[in-house]
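Q: I'm new to this structure and would like a close look at one part of it. Could you walk me through how the chains meet?

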Amino acid sequence: MYFESLAAVWHMDGHGFYVWLAYALTALPLVLMVWLPVKRIRQHWRWLQAEQRRSAAATQPTAMGSDV
Amino acid sequence: MLLQATQVAIERGDRRLLSDVDLSVSGGEIWQLVGANGVGKTSLLRGLAGVARLGVTGEIRHAGAFLYLGHASALKSSLSPVDNLRWHPASDVTASVSQICEALAAVNLAGYEYRPVGSLSAGQQRRVALARLLLSDAPLWLLDEPFTALDVAGCEWLEACVHRHVNAGGATVFTSHQPSRFGPLQQDLDLGRYAV
Amino acid sequence: MWAFIHKLGSPPWFFGFSGTLVRWLLPVTVTLLLVGAVWGLLVAPPDFRQGNSYRIIYIHVPAAVVALAGYYVMAFAGAVSLIWRIKMADVTMRAAAPVGAVLTAIALVTGAIWGKPTWGAWWVWDARITSMLILLFLYLGVVALFEAYENKTAAARACAVLSLVGMVNIPIIYKSVDWWYSLHQPASIKFTGESAIDSSMLYPLLLMILAFYCLFALTLLLNMRAELLWTHRDSGWLKQLVGDT
Amino acid sequence: MPSDQPLLSLRVVFLRQFLRHGRSIMTSPADVANPLLFFFMVITLFPLGLGPDPTRLAALSHGILWVVALLASLMVSAKLFASDFEDGSLEQLALAPYPLAVTALAEISAHWLATGFLLALLSPLFGVMLGLPDEGLLTLSVSLLLGTVCLTLIGALGSALTVSIRRGGLLLSLLIIPLNVPVLIFGTTAVREAVLGGNPESWLALLGGLALGSLVVAPLAIGAALRVSLDS
């Protein structure tokens, strides 16, 4: 640990604003870069599951109908 | 056998237009590709000619030279008909000026040999493009909508021209929105059957 | 090796393989990023000339390095797609372009922020920043070209041609920008000088570069999986996979 | 592909395509004059915008001249393959038993003669108008002669990639401008060195190398790009 106190970490001899701004502006797109495709994958997956349930529901009544 | 296409499928992007198209064209035959708008007549013809290669699967074999005339006339509007017809890279046509003038006279364009193509009417431009049929010795013609923009006399001339070509052992594959141009002489390839 | 590449080209196999890989890569990437950031921000000593502002290089340099490498990954996928016509290569190329563009943008923004305390201006036409700007244009060109084509198979081929030409051009661009800069501005403080960097500063930098490579791989795989799920929504293997869960 | 026909030699094919395209350019002199007129007009804007001070204009002239030349080439390259694509000539070229790279290069050569070459020849005139010192005039002309070869080839690649896209104009500049950066740097540096009494030869040699390199690489890429445009 180079810094002595939390305030020193924040201040960084006057460069704190720039350093923290740079890290913040990097963290945001990095999180988005991972989160957005994960969200897309989840959406597609749910769509596929719903599609399968729909097709199952469409075939079931006819199967029952043939039984009766 | 001038053209042999087996199990040809046409895709556009992720969408499949046609699949399992089989077509074999021999000398003396006239084939019309028929089907509703957007079924893929032009796409198939372009695929058969080899203009488009991406998304065309299956086997397409040509036994000899062919002449493809597309929907667009492939004419430079600033050049005269003679200059336009003098060099046709796709079929190695290097006709002499007298041959070109003869062909232009046959399509009823005598007197227009040295005017810029851009100043001619749509029908006249079409006839300049069709004059390529007379200058080529390719046995197979692939024509995309050749009758568009032609008047009655022009249509009759083209029909006679195709008849002559076929009687001499050539073959023609064409698209048209009008059914049965050549009556009993022609065979139809209904693309609706292959549509996906 | 060849069998492995061949297997990568098959979507069902790739989907399973990438799923396992992602599950490993995600915690590894997050750990590397956090450790590297803490080390670079808090543990490493300040630079004797630039003070603490140099700590920005722990994100700027990795982003710049991986953004450049990402272009080569994209162009390589483009070459594979053109030569062997493997669909997965198209998917890779398409997924790599936006990731690379974002990394380039990060390198540009952090570079600009670093410039303010160092040169007193938000934007200075420094050699590295200028090259990054041009790289960003190259990436945006590929992304925009892909979006402009309606036929996505054709779009992938056009982008492959463009990215290959870009790949040939990139070394020339970087070299010419370097010469241009050194001709016009005698060396002032450079971002990363040729001077030997102390190991106490170097190790966190190497760690962060590794972390960004992992991040690139992770986001690439995630984007590819999302793309595959959609384009193969009618395939049997995917339906079975969904049905099993 | 027609296989039983005798193939013409590629040189003959190149020459015919070159003459055909050249003749069609010559029939519309406005197309040739437009980039020159554009160059002339934009050059006029700089003294109006920066003030008439000759020393300041002279100091900026090499950069201005080169940037405007780049913009002029950008403007004309958008149209390079547009008419071929629309009127169906490109389909026929693609069906021809000759590589598209050769026929496309023939058209590009004719295009370059009518635009880049003329611009390079006339550039000393514009240089004088902006107060470029006399030592730089010859270098300006030579650098543009070599540089426009690259600019035209890269522009042709952009045109080939975007010709099938509606509203491809802005996209074209996005594709082309980053690729043109080295050409601009080498060209302006050569002229600057000539004015400052350095050695412009090495920079001109670099430009020549770029021109040769793009003559080898670009036609292949352009051929592939034109095929993609036909396929889409």
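A: Happy to! Two residues count as being in contact here if their C-beta atoms, placed from the backbone, lie within 7 Å. By that rule, 4 pairs of chains are in contact, and chains A and C share the most contacts of these pairs. Please keep in mind that the model is predicted.

Let's stay with the meeting of chains A and C. Chain A brings 27 residues to this contact, while chain C brings 34 residues. On the side of chain A that touches chain C, helix α2 of chain A, residues 16-67, supplies the largest share, with 20 residues.

Chain A and chain D do not touch either, with their nearest C-alpha atoms 24 Å apart.

Chain B has an open sheet of 5 strands, paired in parallel and ordered β5-β6-β7-β3-β8. Its edges are β5 (66-69) and β8 (186-190) of chain B, each of which pairs on one side only. On average, neighbouring strands of this sheet are turned by 15° against each other, ignoring direction. Within chain B, β6 (residues 140-144) and β7 (residues 171-175) run parallel and are joined by 5 bridges. There you can find Leu142(B) opposite Val173(B) of β7(B).

Technical notes
Residues are numbered from 1 along each chain as its sequence is written. Chains are lettered from A and ligands numbered from 1 in the order in which they are written. This is a predicted model: local features need pLDDT of at least 70, side-chain atom pairs count only at pLDDT 80 or more; totals for chains, interfaces and linings use all residues. Two strands pair if DSSP finds at least two bridges between them. Helices (H or I, at least four residues) and strands (E, at least two) are DSSP runs, numbered from the N terminus. Axes are lines fitted to C-alpha atoms, for helices over the stretch in contact, and angles run from 0 to 180 degrees between N-to-C directions.
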